[in-house]
Amino acid sequence: MSESRSDDGRAVARRTGVLARHLAQELSPVSFFQPSPCLAYQPPELHCDKSSFDKSVMRELLDGHHVALRDSFANLMISSDLFVNKRVGNLTFATPNFNTTMEEHRDKTLDRILFFRSKGVFKGWLTDSSVDHALKRAALFETLGTFDHSLAIKLGVHIHLWGGAIQYLGTKRHHDKWLKITEDYQVRGCFAMSELGHGSNVRGIETVTTYDPSTEEFIIDTPCESAQKYWIGGAAQHATHTIVFSQLLIDGKNEGVHAFVCQLRDQYGHVMPGIRIADCGHKIGLNGVDNGRIWFDKVRVPRENLLNAVADVTPDGKYESAIKDPDQRFGAFMAPLTSGRVTIAVSAIYQAKVGLTTAIRYALTRRAFSLAPEQPEVLLLDYPSHRHRLLPLLAKTYAMSFAAVDLKNLYVRRTPADSKVIHVLSSGLKAVFSWHNLRTLQECREACGGQGLKTDNRVGQLKAEYDVQLTFEGDNNVLMQQVSKALLADYMSAKKRGKPMKGMGLEHINGPALVIPEDLTRSVLRDSKFQLALFQLRERGLLELLSSQVSSLVSKGVSMADAVISSYQLAEDLGQAFSERSILESVLRAEQQTTGSTKEVLGLLRSLYVLSAADEGPVFLRYGYLLPKQSQLISTEVASLCGELRPQAVNLVDAFGIPQAFLGPIAFDWVEYNSWNNVR
Ligand SMILES: Cc1cc2nc3c(=O)[nH]c(=O)nc-3n(C[C@H](O)[C@H](O)[C@H](O)COP(=O)(O)OP(=O)(O)OC[C@H]3O[C@@H](n4cnc5c(N)ncnc54)[C@H](O)[C@@H]3O)c2cc1C
């Protein structure tokens, strides 16, 4: 057994001994008459130390902005029966009631949006372009996401996708006509990009639009079944209008994908002539969103309905665009997706927080097995294995929270010069965060045992509700390819021009690489400079490998595109390495804003984040960045860090600030919750 494993064993024995004495004192009058007293719930706080850091300071850092506003949104929800579904003792639980039909969930979701509208919450969201409004909007989405994904997505499709398309792809005439009524929810917008035959490959969509100069109208058509619009959020029941993405054919020439405004339903909810709509039906989650399929039968819309910020068609039918390069033009039409991608990336971290808060609180109140006769059963979190399952995920969630705040700030304060870094970073972080979220929810579900499967307790249900994060707004695998392609292009171009790397945090490649000391002592392993250099070493190594593999294939006559596709393993690893290095830089920035005990606990979390990533990722060993012996030292250090963070576990999840009402009952007195008195 390694030194730290035996340390862990002693720590468990010590803690178990203390608890045994504590319980013996507390329960002695009962146990005298009753040798096997029933389980009594004890709050998790009893089994953790007092907070060593200021939880409100930590929450400010984690949320990054509008903490009080988030609480006021949550309180607004908790004050209404539209959101609350159970009260037990003095606890209120606000969760969507999943024991309803799909239709009821959809209606409730719309009612909840209208509730927020009635409170004036959306005012200025699209008509005021200040940073403060953008951040307030983000605060609401993050709060809604901890309550119900359907609510956040149904509103997100209307605001970010439909509203965002009008904002970014439209011009003044569209802004004047649509933004205010969108904000007021007088129209209900959706976003019809994906088709049955083409999702990730938007360029391949088959919907066709032509222009008729005699009436100055565009004619939108679904020429075949694979061109039917598919998965369109809001289309099945509630949307009145949509943005249709379509190939634009002018004088027989395909000018590529363009976006048009098209009405789907009249004021009475009847589907407009020339439009056919079908329901996508029941899904594994997200059933509060009415996803639909749309066919356009040569539907005519006025010329003004082309969102013409990127390109226009004159009344007599001439195509005009300031962007001559079709690739760049296509990129410009994808702009609305970025805000959705940033929102999804950030919100994924909040659901991981719900899972971890629940599982860690439960692990501090649930016992299983005694280590010796007459000893109390051991708390789940006192098992080193249980800690090892949850605390590295906690450290990653902290690290990713800081990166999420940085990403959001970069996005809301963007200048045109930031577009590339925003595209690459939001793609990488959306993939890494949403994968992390699903992995965390699964681990938390299992860590709660059977209780994790109960919908009331939320964790298990959230997996199904949030699974779609991995697929929409860019499939994660496809996004990761885009990240590594962008990095590779920059690297190859800098090499060709004999210039240093610049931007996206890649400047480290211009300097010497880290030489890893053979003897990785604890102080080296916990040193932030070493940790950053370790991540940089992996990133530069993978970039060099990918570049030389692709170059070698190209020199043998393979096309560049084929060479990149067949190097997919290196490309995926590089996307991960880039994202994890960026996340670490955000952690370091957050740490710099703190002092004293907050800095100390963040240092432990940062070390656990880096070392558990190094422990889990095969790349470090596969390409020889670490030797097996060094890798073993890292594993040992991960276990030690889990032990050191254990006494602060409940404080660390409290600092997430997830409202009590949004957590499942197993995060609280689950014995009382399940007692006969509460059976109704
Ligand atoms: C619940 C839900 C809501 C949605 N809402 C909307 C909406 O409101 N509006 C809208 O327009 N769309 C919406 N979508 C569609 C969504 O954006 C697409 O599903 C997504 O883009 C993926 O496309 P696809 O389903 O066609 O999968 P595909 O693109 O066919 O991908 C299938 C698999 O192939 C892999 N793959 C694809 N290309 C490559 C490649 N080049 N190399 C290697 N592997 C590859 C992917 O990784 C994936 O695993 C929604 C989808 C869902 C499920």
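Predicted model: local features only at pLDDT ≥ 70, side-chain atom pairs only at ≥ 80, totals over all residues.
**Entry 1**

I began with Tyr185, which sits in the loop between α7 (172-183) and β3 (189-192). Helices (H or I, at least four residues) and strands (E, at least two) are DSSP runs, numbered from the N terminus. Residues are numbered from 1 along each chain as its sequence is written, and side-chain values use heavy atoms, with hydrogens and water left out.

I looked up the backbone of Tyr185 and found a positive phi of about 60°, although Tyr185 is not a glycine. Is Tyr185 buried or exposed? Tyr185 counts as buried because its relative accessibility is 4%; the cut-offs are under 20% relative accessible area for buried, over 50% for exposed, and partly exposed in between (1.4 Å probe, protein chains only).

**Entry 1: Met504**

I then turned to Met504, in the loop between α13 (476-497) and α14 (522-525). Met504 is a residue other than glycine with a positive phi, near 60°. With a relative accessibility of 12%, Met504 counts as buried.

I checked Gly233 next, and I found it in strand β6 (residues 229-233). The UniProt record, an unreviewed entry, has a "binding site" annotation that covers Gly233. I keep in mind that UniProt positions are given in the numbering used here, feature names are shortened, and annotations may be inferred rather than shown by experiment. Gly233 is at 11% relative accessibility and so counts as buried. Which residues does Gly233 touch, not counting residues up to four places away in sequence? I listed Val157, Cys190, Val289, Asp290 and Asn291, where contact means heavy atoms within 4.5 Å.

Gly460 belongs to helix α12 (residues 459-466). Gly460 is buried, with a relative accessible area of 16%. Leaving out residues up to four places away in sequence, Gly460 touches Arg445 and Gly452. From C-alpha to C-alpha, Gly460 and Glu443 are 9.7 Å apart in space, and they are 17 residues apart in sequence.

**Entry 2: helix α6 and its partners**

I looked at α6 (residues 149-169) with α9 (residues 335-363): their axes come within 8 Å and cross at roughly 140°. Axes are lines fitted to C-alpha atoms, for helices over the stretch in contact, and angles run from 0 to 180 degrees between N-to-C directions. I noted that α6 and α9 are therefore oblique to each other; angles under 35 degrees count as roughly parallel, over 145 as roughly antiparallel, 65 to 115 as roughly perpendicular and the rest as oblique. Among the residues that meet are His160 and Tyr168 in α6 and Pro336 and Thr343 in α9.

I also looked at helix α4 (residues 102-118), which packs with α6 at an angle of about 65°, their axes 10 Å apart. The residues in this contact include Phe116 of α4 and Lys154 of α6.

**Entry 3: domains from the record**

UniProt (unreviewed entry) lists residues 337-488 as "domain: Acyl-CoA oxidase C-alpha1". I found that span to be 70% helix and 3% strand, with its end C-alpha atoms 23 Å apart. The annotation "domain: Acyl-CoA oxidase C-terminal" (unreviewed entry) covers residues 529-663. There I noted 80% helix and 0% strand, and end C-alpha atoms 37 Å apart.
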